[in-house]
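My notebook is open, and I am going to look up a few things in this structure one by one. Come along and check each entry with me.

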Amino acid sequence: RGPGASGGPARGDLRVAVIGAGMAGILSAIKLREAGLDFVIYEKADRLGGTWRENTYPGIACDVPSHFYSYSFALNPEWTHRFAPGPEIRSYFEDVARRFGVASMIRYGTEMVRCAFEGGRWRLKTSDGSRDEADVVIAATGVLHHPAYPDIEGIDAFAGAAFHSARWDHDVPLAGQRLGVIGTGSSAIQIVTALVDRVGELSLFQRTPQWITPTPNAPFTEEEKAVFRAHPEAMQQIRQEVADRYIAGFSNHLSDMNSPELLLIHEICKTHLESSVKDPVLREKLRPDYRAGCKRLIMSAGFYDAIQRPNAKLVTNPIERIEPMGVRTRDGALHELDVLVLATGFRVDRFMRPMEVRGRGGTDLDTAWRAGPTAYMAISIPDFPNLFMLNGPNGPVGNFSLIDVVEREFAYIMQLVDQLRSGDCREISVSRGAMDRFDAERREAARHTIWASGCKSWYLDGDDLPTAWPWTYDRFRDEMRQPRLDDFDMR
Ligand code: N01
């Protein structure tokens, strides 16, 4: 490349540091390699896979159809099911990283502890004390990453095995045991469905019931897989059809809580509950008093069957405390247990933290995010130049393929990186004015989304305002096509 519009020299030598070797980090590496950029991936664990490495609980599967939850450039004819199980997804990422030649670029066991923008470059420090420098940092650190532990009295006093759903202890035997599960999110529902027939007794501690869409998960036959191998365009077609269906029937309507499409989904969930649960008392205990889609929709074909098994018990009386023998509820009952699973979700306000991040002039991220994490287009923060997030705050995170989201975000980021490469500027981040405008519009739009229709969920910030992308998915796709460069502070 020749000199940029501003006359600066073109920079073919940009060095990029990617933090995290999960789905988004692997994608970044593949695309950076294609673009011929120098890069390195830092990964704190000793294996890649992000959420699919951390979550190994029984029954784990993705609730986005497999051919849609795949990179667009690496479709996979071998998926065994419409909704692939977790271990298969982790193997897929490992395989793709190997095939695209980026696995060897990962520095395992190296947690990034500090990134500071000093003298026009990012100065990086890792947990082993080593240092590095980069022109660009891509934070691919995930959203549902840091387990949230419930603040329940006596939790450490439990005599049996207790662990978070994202820290599954596979050494703990389950056959014939009395299992307790706290929580009714996507993780808990999959765990209960998978384990009810393996354990002796199962107690599900429900604070809030959930709407559940009936979602059968048929295997792909050998014939279907043979077609996929011979005709990859058949997978491409499925991917496109699924994306179109999700967007037209769901994702485009989350922004309007009164949309007919969301009302239809509510009716589908209601019919699912009423036609599946026979006992009227149990049925009413399982019936949410808020709109379907307000909390993240749960996809399951088997949960209502599981919770009606003779060895399953739904406990709705609030938890008073945990005792050595089990869980004591407020009505005085002691629910004796051998194993207790905390399927209590994640701290979703962390993003790249606890890493220390300092932008221009020493601005620190904790201060910049004092009122809660925000990012222009989910990607850029004022005064944190050349730092870009994948799946950052305010992005579209509800029941859609995060791979599709990240591919679009990355294409957008590369256009910003091109401003640096061409020499048009040496530092690029959203301007303060554009950030403030984006945030004001986002907050206004958030009040009309389904997530604001009257329930508690991890979509809400401390002021109960939904933090996710509050507009249609179509708008997200449009925005991601090309950055509005006027919104950026380029120096
Ligand atoms: O966590 P959650 P999750 N006492 O936050 C309850 C993705 N995911 O790990 O509703 C009692 O949804 C809490 O109760 P309440 C997906 O995006 C995807 O299940 O707050 N209960 C809630 O029931 C998902 O949304 C897949 O009243 C307590 C539960 O714990 C996200 O991860 C699979 C409590 C937490 O639910 C998180 O799902 C799994 C307390 N003190 C996860 N504290 C698929 O792709 C919390 N709870 C299928």
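**Entry 1**

I started with Tyr71 and asked: is Tyr71 buried or exposed? The model I am reading is a predicted one, and in it Tyr71 has a relative accessible area of 0%. Buried means under 20%, so Tyr71 is buried. Then I looked up Phe73, which has 25% relative accessibility. Exposed would need over 50%, so Phe73 counts as partly exposed.

Next I looked at how the two rings sit. I reminded myself that a pair of aromatic rings is described by the distance of the centres and the angle of the planes. For Tyr71 and Phe73 I noted 5.1 Å centre to centre and 10° between the planes. Planes under 30 degrees apart count as stacked, so that is the word I wrote down for Tyr71 and Phe73.

How do the rings of Trp469 and Trp471 pair? Their centres are 4.8 Å apart and their planes make an angle of 75°. I wrote "edge-to-face" for Trp469 and Trp471. I also checked the surface: Trp469 is buried, and Trp471 is buried too.

The charged end of Arg475 sits over the ring of Trp471, at 4.0 Å from the ring centre.

For the whole structure, a search gives 26 aromatic pairs.

**Entry 1: Asp487, a charged residue in a loop**

The side chains of Asp487 and Tyr376 make a polar contact of 2.6 Å. Where is Asp487? I found Asp487 in the loop between helix H13 (473–481) and strand S23 (488–490). Its relative accessibility is 7%, so Asp487 counts as buried.

**Entry 2: the ligand**

Which residues are closest to the ligand? I listed Thr184, Ser187, Thr208, Lys295 and Arg296, out of 23 residues that surround the ligand.

I looked up some distances to oxygen atoms of the ligand:

- An N or O atom in the side chain of Thr208 is 2.4 Å from a ligand oxygen.
- A polar side-chain atom of Lys295 lies 2.5 Å from a ligand oxygen.
- A polar backbone atom of Ala343 is 3.3 Å from a ligand oxygen.

How much of the ligand does the protein cover? On its own the ligand has 910 Å² of accessible area, and the protein covers 84% of that.

Arg296 from my list of closest residues also has a protein partner. Its side chain makes a polar contact of 2.6 Å with the side chain of Asp63. I found Asp63 in the loop between helix H2 (51–54) and helix H3 (86–99). With 11% relative accessibility, Asp63 counts as buried.

Phe351 is not a glycine, but its phi is positive, about 50°. Phe351 lies in the loop between S19 and S20, and its relative accessible area is 10%, so Phe351 is buried.

Pro354 is in the loop between strand S19 (346–347) and strand S20 (356–358). The peptide bond from Arg353 to Pro354 is cis, with omega near 15°.

Asn391 has a positive phi as well, near 55°. I located Asn391 in the loop between strand S21 (387–389) and helix H11 (402–421). Asn391 is buried, with a relative accessible area of 8%.

**Entry 3: Thr110 and Ile41**

How many residues apart in sequence are Thr110 and Ile41? I noted 69 residues in sequence, with 9.5 Å in space from C-alpha to C-alpha. Thr110 is in the loop between strand S3 (106–107) and strand S4 (112–118). At 7% relative accessibility, Thr110 counts as buried.

Technical notes
Residues are numbered from 1 along each chain as its sequence is written. This is a predicted model: local features need pLDDT of at least 70, side-chain atom pairs count only at pLDDT 80 or more; totals for chains, interfaces and linings use all residues. Side-chain values use heavy atoms; hydrogens and water are left out. A residue is near a molecule or strand if one of its heavy atoms lies within 4 Å of it. A polar contact is a pair of N or O atoms within 3.5 Å; within protein, one must be able to donate a hydrogen and the other to accept it, and residues adjacent in sequence count only if both atoms are side-chain atoms. Accessible areas come from the Shrake-Rupley method with a 1.4 Å probe; for residues, only the protein chains shown count as cover. Rings of Phe, Tyr and Trp (its six-membered ring) pair if their centres lie within 6.5 Å; planes under 30 degrees apart count as stacked, over 60 as edge-to-face and the rest as tilted. Buried means under 20% relative accessible area, exposed over 50%, partly exposed in between (1.4 Å probe, protein chains only). A charge sits over a ring if NZ of Lys or CZ of Arg is within 6 Å of the ring centre and within 35 degrees of the ring normal. Helices (H or I, at least four residues) and strands (E, at least two) are DSSP runs, numbered from the N terminus.
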